[in-house]
Amino acid sequence: MAKTVRIGLLGFGTVGTGVYGMLNDNREAITRKIGLQVEIVRIGIRDTSKPRSADSDLFTTDLQSIINDPNIDVILELMGGVDPAASLVEQALLNGKHVVTANKELIAKHGSRLVHLAKSKGLDLHYEAAVGGGIPIVQPLKHQLAGNDVIQMMGILNGTTNYILTQMEQKGSDFSDALAEAQAHGYAEADPTNDVEGFDTAYKISILASIAFGKQVPIDTVHREGITKVSKLDMEYADSFGYRIKLLGIVDAVAHDIVRVRVHPTMIPRTHPLASVMDVYNALWLQGDFVGDLMFSGRGAGSHPTASAVVGDLVDVGRNIFMGGNGSAIPYDEGMKTVNMDDLESAFYLRLRVLDRPRALGEIATVMGAHEISLAEMQMRTLPEVAGDTTQRGEIVFLTHSCKERSLRDALDSVSKMPMVTDVAALIRVESNVL
Ligand code: NAP
Ligand code: HSE
């Protein structure tokens with residue numbers, strides 16, 4: 001029987017230090033729950049000049065030496081990115097080591113292949129921390145909810161962007177100040193473009209869809225828009241209509257084995273449970289055919305919540321080692337069928353800047369109507385004059401009834417060519433039919 005579970009840690013940043021701290025602080029409870037001691041025997045990093053909060057003898061920049069060390073049972077991959085993480089994880093599995101990772105990009109792009117490899121070797125490959133930080137989402141989807149046909153999933157899956165949107169809405173903060181705060185808290189990715197442009201949410205929602213529907217969603221089929229165009233003004237208009245703007249990852253089951261996966265800023269009714277998820281909190285709202293509506297929520301990023309998910313996976317692996325189990329990785333194949341956005345049925349929020357002329361509103365409504373877009377609500381205001389320019393300008397804001405995305409795009413194409421329309425300033429999808 002194995003003795004101590006010996007761990008090789010790849011990465012000692014926000015998550016790695018959190019895991020190290022948790023394994024030290026809660027050592028006794030973790031040992032009791034696994035039935036074995038756990039010991040970090042090596043830590044791989046890149047930069048030897050950084051101060052570290054662990055014994056300097058543990059550190060190495062030679063990551064190969066960790067994954068080739070025959071005395072190491074489990075690799076915790078907490079580096080991020082695909083290169084070199086993918087080849088290190090693959091080699092670790094080939095060397096007979098269990099793997100726990102927090103790396104959503106790796107799993108979104110190579111999950112199927114790596115989990116099949118783990119399974120073929122009788123090893124574990126777990127990735128709870130890759131989605132939703134400290135919230136247990138991946139394991140419940142794989143296990144307790146597996147009997148359901150999932151009808152829809154909608155999630156706030158990125159702590160950085162939810163923090164930014166909350167700060168902008170509640171404190172009037174500027175985007176860049178709020179992002180800097182999220183980075184200081186350790187929420188953001190090494191390159192925060194991944195957060196604010198929606199890549200991180202795209203990886204996470206594609207992982208959830210892959211588990212829920214049993215096939216890997218090709219990541220390049222996920223429609224992706226970030227939050228960089230969301231303005232405080234649009235948040236105020238959203239509020240006046242009874243909505244709040246959130247960056248959502250959404251999976252629509254289009255047919256039995258066909259999904260549409262999308263990430264974009266979305267207006268949701270303020271009464272919807274997702275609308276009250278603030279700051280770094282994440283949430284996944286799910287509708288299953290038997291379970292009905294369900295929502296998971298908790299801290300979606302940060303050192304301690306993420307460490308909680310990584311250590312939870314490690315305890316699972318440790319128990320398998322203790323019990324002599326042969327791996328509980330759940331594989332899924334590649335090749336999920338997906339559809340694009342053209343046939344999406346949604347309501348839309350539109351903000352147009354116009355020359356403030358008689359009949360402007362009526363003419364725009366007529367063009368929209370010609371494309372079968374019917375308007376549900378409208379607000380209009382005259383904009384303050386700009387110095388040296390006597391032209392009267394105005395702003396028209398519409399909420400449409402539900403329509404096909406393709407029709408809306410065609411209508412906007414015509415509207416934007418009208419002489420009185422100077423700018424389509426905002427276009428945001430509205431989830432008006434939820435709850
Ligand atoms: P981080 O703070 O940037 O830390 C990354 C660590 O990996 C650093 O210790 C870095 O070494 C090391 N590293 C990166 N590339 C390396 C390379 N090529 N060779 C050797 N070492 C390398 O990142 P993090 O926030 O902890 O995130 C780690 C992973 O967890 C990512 O996949 C991320 O998406 C995921 N995740 C993060 C959070 C969060 O809240 N931060 C939450 C959930 C999941 P140096 O220290 O020498 O620079
Ligand atoms: N950068 C990610 C976020 C980390 O802000 O949600 C957690 O995956």
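The legends below describe close-up views of one predicted model.

Residues are numbered from 1 along each chain as its sequence is written, chains are lettered from A and ligands numbered from 1 in written order.

**Figure 1. The whole chain.** The chain has 14 helices and 18 strands. Helices (H or I, at least four residues) and strands (E, at least two) are DSSP runs, numbered from the N terminus. The radius of gyration is 24 Å, close to the 22 Å that the globule rule gives for 435 residues, so the chain is as compact as a globular protein of that length. This radius is taken over C-alpha atoms, and the globule rule is 2.2 Å times the number of residues to the power 0.38. Along its principal axes the C-alpha trace spans about 85 × 50 × 35 Å. Of the 435 residues, 53% count as buried. Buried means under 20% relative accessible area, exposed over 50%, and partly exposed in between (1.4 Å probe, protein chains only).

**Figure 2. V19 in helix 1.** Helix 1 covers residues 14–25 and holds V19. Is V19 buried or exposed? V19 counts as buried, at 0% relative accessibility. Not counting residues up to four places away in sequence, V19 touches L76, L78, A307, V310 and V311. Contact means heavy atoms within 4.5 Å. V19 and L76 are 57 residues apart in sequence, yet 9.4 Å apart in space, C-alpha to C-alpha.

**Figure 3. Q139 in helix 6.** Q139 lies in helix 6, residues 138–142. Q139 is buried, with a relative accessible area of 17%. Which residues does Q139 contact, leaving aside neighbours within four places in sequence? They are H126, E128, Q144, D313 and D316.

Figure 4. Helix 10 (residues 199–213) has 15 residues, which should span 21 Å at 1.5 Å a residue; its end C-alpha atoms are 21 Å apart, which agrees. The expected span is 1.5 Å times one less than the number of residues. Just after helix 10, G214 takes a positive phi of about 80°. Helix 12 (residues 303–323) has 21 residues and reaches 30 Å from its first C-alpha to its last, close to the expected 30 Å.

**Figure 5. The cis peptide bond at P84.** D83 and P84 are joined by a cis peptide bond, with omega about 15°. P84 is found in the loop between strand 4 (74–77) and helix 4 (85–94).

Figure 6. Phi of D279 is near 55°, a positive value in a residue other than glycine. D279 is found in the loop between strand 10 (258–269) and strand 11 (281–288). D279 is partly exposed, at 30% relative accessible area. E372 is not a glycine, although its phi is positive, about 65°. E372 lies in the loop between helix 13 (360–370) and strand 15. E372 is exposed, at 68%.

**Figure 7. P384 in a loop.** P384 sits in the loop between strand 15 (375–382) and strand 16 (393–400). P384 is exposed, with a relative accessible area of 65%. P384 and V424 are 40 residues apart in sequence and 18 Å apart in space, C-alpha to C-alpha.

Note on methods. Predicted model: local features only at pLDDT ≥ 70, side-chain atom pairs only at ≥ 80, totals over all residues. Heavy atoms only, no water.
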